[in-house]
Structure formats: structure tokens, C-alpha cells
Amino acid sequence: MASQQMDEKVVAPHGTAITQQFAEGIPPLEQPVVADVKDDVKDGLKVDIEEEPQELDLYSPLPMDPNLPVEYAALSLRAVLTGCILGCLVNASNLYLGLKTGFTFTANMFGAIFGYGIVKLISKSAGNLPWIGGTFGPQENSIVQAAATGAGGIAGIFVAGIPAMYRLDLLSNNPKDDLGRIYTLTIVCSFLGLFFVTPLRKFFVVRVARELRLMFPTATATALTIRSMHAGVAGGIEAMKKLKALGIAFAAALCHRVASYYAVGILYDWHVFTWIHIWSNYTSWAMNIESWGWYIEITPAFIGSGILIGMNSALSMFGGSFLAWGVIGPLLVHYGTCIGIQQYPDDPHWDSYYNFASLAKLATRTPSPRYWLLWPGVMIMVCSSMAELFIQYKVIWIGLKSVWHQICVGINTILVKRNKVSPYFARHAEEEVRNDETVKDPAPPEQQVKDWIWMVGLVVSVILAILIFHFQWDMNPGMTILACILAFIFSFLAIQIGAVTDQTPLTAASKASQLVFGGVTQGSHYPMKKAQTINLIAGGLASGGADVATNLTADFRTGFLIGTSPIQQWIAQAIGTFCAVWLAPAMFVLFTSAYPCIIHINDDEKCAFAAPSVSAWQAVAEAVTDPRVKIPWSAGIFAIVMGVFSIIQVIFRHYYLVGPREKYRQYLPNWGAIALSFVLPNPVFTNAALIGAIISKVWKTWRHRSWEIYAYAIAAGLIAGEGMGGVVGAILQLTGVSGDILGTNLGCPNLSC
């Protein structure tokens, strides 16, 4: 899950925190995911196959090792603290990765495996000391990953909407001066999503999961990994192998990223066509290819993500990049529809080197290919995601009824305690009870999140949002309520699509919200700056709320399979989310202090962060609020055609590729991945993901057992390790010993990377 930022969250198809969030992130693997998970269980988990002659039912709680002791205190201090610390590492990593690539990553697999090693060590060394020592079981392990997931979240708004506000001069020149407003915005986005999704646990995880095949692949793989690590002696041995692999990968990726700052053209970016350009006495054809971003980046994070997403997904992304940056982009420039910016016009050796990804000065000059490609990308994301939403209109209606019935249960319970009766609430409460009896929830009532908790929390969050948005952002209550409603609707969409595809459409949610508010503010005739502020705040609320809501629902799925109490998981994630609320803004200040170009950039300035999501959010906000910024006519026509095509494929997949034809779904192109490639500023990240996918394919084919043990752990370590290397890089920058001062740019175009 992670991150397009695109504020996408990258999640692996069946297995790890890589925070999909390509974010709408990494392309989905369809139904074969279920079969793969089952095959992995049979081939790799250390269980007695004689005792399990049938495949595991992944829509019911998993059978656990009968020798495990009963866990009376899974929600322990050691589990929550460990999870929060690990989640904070991922949160810090996400700021770097999101600003660099637009992708953020979830912390569930990282927290599950690393948490196992830490708490296991604590439990052995501390003996039976209260709150520290004692037995460590799978339910407590799921609490660790829940806290880690909460603490690792909400980074998306800091790599998209908030920096876009700075680029549009909607805030002060220094984020330190805006910390109060940033903190309150983060609180609203985080806890609104946390509270409004809580009553949907029964609906998504218990009632309709089997019928709609809501597998939640990453959450399911996390549960299977936890189960395997606690499966007796053999499971413990395998767990230590995973932990060792994750630790080595984490350390190696961190060291590589830090070292690469001092020799970026040698250790990190391989500009092959620049080398050819130099070796061939500065011929221009090689620089033409280099200008379009066709080089190799040795980025552990995206090689790791490629290990997880598989060939189908990686090829979809690569194909989209080739179409965008190898065919459409060059044709647009050739025919004069778009232009590039010459980087070194006065140097005859490098005057053929262009930048085709600028989104600056949209109102005053011919657009770049990136701006033109942005609109087909956004249209495909929104159309495909909305098509998935409308296809499931019956499910949405049932889900909304379920939420209302749960509200009626809470109100009816309060009335009964006061010896009062309301026939209306009693009738709907009784209907909810009948639904519970039809599909039995394995968690007893005393382990559920009480209705009054989420209802009171939701009311307080909405009131807080109204007050904060009014006094700090000058939004009227009506618009704030509309933003909250859109956040809820898009969260429903994100959960449903993410549960099937493992692809969380955060970008579609945010862009759809931006488009809606673009129309609202135009109709209200707001001044341009105020309209842009409202646009970005509303998009941030939709994206941030959907991010937190999706994480919590996935955690509920993991706990459902492991048998963890929902209220304990909810508390763990809430504590983790509280940590993220304070950490993410601080990390944003750190990075913007080290690299001011993140929030103040121009054509002549080189920046270590491409910040693709920031540029995309800024461009959409300008297009819907600034009458001087136009969407190219040809881009609009092409976007409509591609959007319609993506809708047709959704209908084709849902209504024709069913029954015996369902096996062909895996061969369809993933238009979410193609759209992602259109929005990215160059193809370098899709190249890295394809390298990782090829490695994974060969590894899994020839050494399946080894792949099963180590692949997810190594990928999680590579992703988190590079992210932490980015944090170290920011500190080096602030202390004046960074690579741009003490390092070399040998191997880069014109010695500039």
C-alpha cells in the first residue's frame, strides 16, 4: 500500500507492508491471490498436513496450534510500545519515499515480523515480570502489527496536499510557523477515519467477505505469517529466519541509501544513455532517450515492491510507462502539442538534454507532456474506481443499512436502560440482531468495540472538524460536512476495492473530492486562493480518512483470522494513530528544512525530491480553480476515451469473466497501474519494480520454499531500510555533510543528478 502519488499506499498482493499505498497503488493480482495464499500455506507453513487434509478456509478464523496457551492480556504494554516504535520507523520512511516517489507503505508485515523478534526477546529476558515478561502468542503479535500500522499511517497528506498548499502560496513560507494548523488537520483526518469505519467491521470482515471474496490479501498474509511463526518449535525456527532476513535487508538498504548520497551516479542511478552519450562523443540520440527518464535506479524500496507484486502487475506498470513516456509523450512533443524545457542551452555537449516533466507556469506557457498525461491518468483512476463502486451498489446500500442498524442498536440500548421504548429504533435493532444470527461473529459482544465509543468519537470528530476548518481554514460548516461525507463514501470505495485487489485507490478518492469541490467553489464564486485552499483541504480529508479507515479494516481482518479481540486491536491502532499524528508533521518539518525545494521549487532549481504527488495535487487544484489554467483539448478527449475503456473492462470482468471464464481475469491489463504510470514524472520506478518482479518470478519458480520463507521479509526490510536511509540523508543535509557537498555526481548528465 504506500503510496501513484501519488499518495498511494502500496500493499503487496499477499504479503507485506510496502504502505499501496503505490498507494492507488500497486496493481492488483486477481483471484489467483487466494490460490497462492492457500498454496503457500500448504507448501510453506510449518503445520501438520495430516491434521489439515482440506485447504484452509480463509473466511473463518484460522485453526491455531492447540498447544498455545490462552492469551488473557494480548493488549500488553510491551506489544503496544514495540508496535508504535516500529510504526514510527515506517512513518519516517514514508515521508522520504512519498516525497521522492509519491508512494507510501503500510507497516503490518514489517511490524509483525520485527515485532515477533523484539517481543520474543523481551519475554525471555524478563521472565514473568508484569507487563514485560511472560508468554508471547499470536494474538499479542497481531496487537504489535496493529499498533505499527496505526503509527506508520497518515503520511500521505504530507507528501501530497500539504506541500501543494505551500507551492500555491496558501500558507506561510516556513512550515514551522504553521505547525498548529498542520497538527489539527492531521488529527481530524486521522480520527475521523478511525471512528466512522469502526461499525463497518462486521459488514466487511464477517458478513459479506465470503460472498464478495473480500480477501484483504496483505492482511491475510500477515495473519498467515503470524500463525506460522507461532506454530511450535518449527514455527519459531522459521520465524527467526524471517527476522534475520528482514534485519539484514533493512541494514543493507539503509547503508546503501546513505552511501549512495556520496556517489549517486554510481551506486544509485545508472544513467546508461548518458554514458553512451559521453562515450560516443556526445551524440544527441542517446540524450533524447535519457531526457524521457529511461535509466535504471537501484532503489531497494521498489525492487522490494517488485518482489511482491508479481509479473502481471509489474508488466502492467511498465507497459503504461512505455506507452506514456516512450510513445505518447514523444509524439506530443514531435507535433508541437507539448514542449520540454532545455536544461543546458548554452552547453553544446548537453543542449539536447530536456525536462519533459515540469508542471510550473501552467497558466502562461505550452504544457509539458507530464501535464497532458496527468488528465488521462486521473480520469482512468477515477473512472475505474467509480465503476467498481457502482457495480457494487447493492453492497453499498446493504453496508449503509448495516451502519444505520448498528446506530439504532446503540440508541435502543440506551433507551431500554432508561426504561423508555421507541418502536422505530427497536424494530431496526431487532433486524440487526437477526443479521448477526445469520452470519455469526466469532468475537463475543464483550470483545466488540462498544457502539457508544465510535458514535461519540464520530460526533466529536465532526464537530472538531467544523470548528477547525472554520476558524483555521475559513471553510463554512456545510462544506466541512460535505467533505466528511465524501471521505466516508470514498473510504467505502477504498476498502471494498482494496479488499479484492490489494490496491487502495487513495488517489482516486482525493482527485474525485478535488473535482467535486472544484465545482462547488466555482458555483460559490470564491476568490481563487480561498477556493484552492478548500480544494486541497477537502482532498486531504478524503485521502487521509480513507487511508486510516482502510488500515483499520485490514487490521480487523488480521485479528479476525488470528482470533484477537476487536476492541483490543482497535485500541492498539488508535494509540498508534495518536503517535502518527505527532510524528508525521515533525518529520515533514525536518524534510522541508533540509530540502526547501520540496515546497518552493522553480524550473532552474534541482531538487532531491521529485514529489510527483505534490505536483499532481497542485495541478488539479489550479485546473479547477484558476480560469487561466486550461486542460488541453486533446488530453481531455483522450482522457474520456481511456476512462470509458476502463469502465468497459470493469463491466466485462464482473459480468462476463465469471464461472469457468473467471480464470482469464488475471490476463487483463490493470488500468489502475497504467494510470499510475501516466501520472508518474518518469518511468524509473516502474523499471525498478519490473526488475524486482523478474527476480521474484525466477526465485519462486526455482526455489519456491526459500522464496516463501524469505521473500516477504526481505521486501519489507528493503522498503523500510531505504526509507530510513532517507531520514538519515535529511539529517546529513541539515548538518552540512551531505552528498551534494562532499560527494560526487560522476555518471550523471552534465555531472548533475
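## A tour of side-chain pairs

Start by selecting arginine 705 and glutamate 708: their side chains form a salt bridge, with N and O 2.6 Å apart. The model you have open is a predicted one. Both residues belong to helix H27 (residues 704-734), and since they are three residues apart there, about one helical turn separates them.

For another of them, pick glutamate 297 and lysine 100, whose side chains meet at 3.6 Å, N to O. Why does this pair deserve a look along the sequence? Glutamate 297 is in strand S4 (residues 296-297) and lysine 100 is in helix H2 (residues 77-101), so the bridge ties together parts 197 residues apart in sequence. Are glutamate 297 and lysine 100 buried or exposed? Both of them are buried.

Next, go to aspartate 178 and arginine 181, another salt bridge, where the closest N and O atoms are 3.8 Å apart. Aspartate 178 is buried, with 6% relative accessibility, while arginine 181 is partly exposed at 25%.

**Charges over rings**

The charged end of arginine 181 sits over the ring of tryptophan 473, 4.6 Å from the ring centre. Then move to arginine 257 and tyrosine 268: here the charged end of arginine 257 lies over the tyrosine ring, 3.8 Å from its centre.

**Aromatic pairs**

Time to show the aromatic side chains, which make 30 aromatic pairs in this structure. Zoom in on tyrosine 116 and phenylalanine 136, a tilted pair with centres 5.9 Å apart and 50 degrees between the planes. Tyrosine 116 is in helix H3 (residues 108-125) and phenylalanine 136 is in the loop between H3 and helix H4 (138-151), so this pair ties together parts 20 residues apart in sequence. Tyrosine 116 is buried at 3% relative accessible area, and phenylalanine 136 is buried at 4%.

Phenylalanine 578 and tryptophan 582 come next: their rings are edge-to-face, 5.9 Å centre to centre, with 70 degrees between the planes. Both lie in helix H22 (residues 566-594), four residues apart, or about one turn of the helix. Phenylalanine 578 is partly exposed at 45% relative accessibility, and tryptophan 582 is partly exposed at 39%. To finish with rings, select Tyr96, Phe591, Tyr595 and Phe609, a cluster linked by ring pairs.

**A buried asparagine**

Now find asparagine 535 in helix H21 (residues 528-562). Its relative accessible area is 0%, so asparagine 535 is buried. What is asparagine 535 in contact with, leaving aside its neighbours within four places in sequence? Show Gln514, Phe517, Gly518, Ala621 and Val624 to see these contacts.

Last stop: the segment after helix H28 (739-742), where asparagine 750 is found. Asparagine 750 is not a glycine, yet its phi is positive, about 55 degrees. At 24% relative accessibility, this asparagine is partly exposed. Leucine 751 is also placed in the segment after H28, and this non-glycine residue has a positive phi of about 55 degrees too. Leucine 751 is exposed, with 57% relative accessibility.

Conventions
Residues numbered from 1 in each chain as written. Predicted model: local features only at pLDDT ≥ 70, side-chain atom pairs only at ≥ 80, totals over all residues. Heavy atoms only, no water. Salt bridge = Lys/Arg side-chain N within 4 Å of Asp/Glu carboxyl O. Helix = DSSP H or I, 4+ residues; strand = E, 2+ residues; numbered from the N terminus. Buried < 20%, exposed > 50% of the residue type's maximum accessible area, 1.4 Å probe, protein only. Contact = heavy atoms within 4.5 Å. Phe/Tyr/Trp six-rings, centres within 6.5 Å; stacked < 30°, edge-to-face > 60°. Lys NZ or Arg CZ within 6 Å of the ring centre and 35° of its normal.
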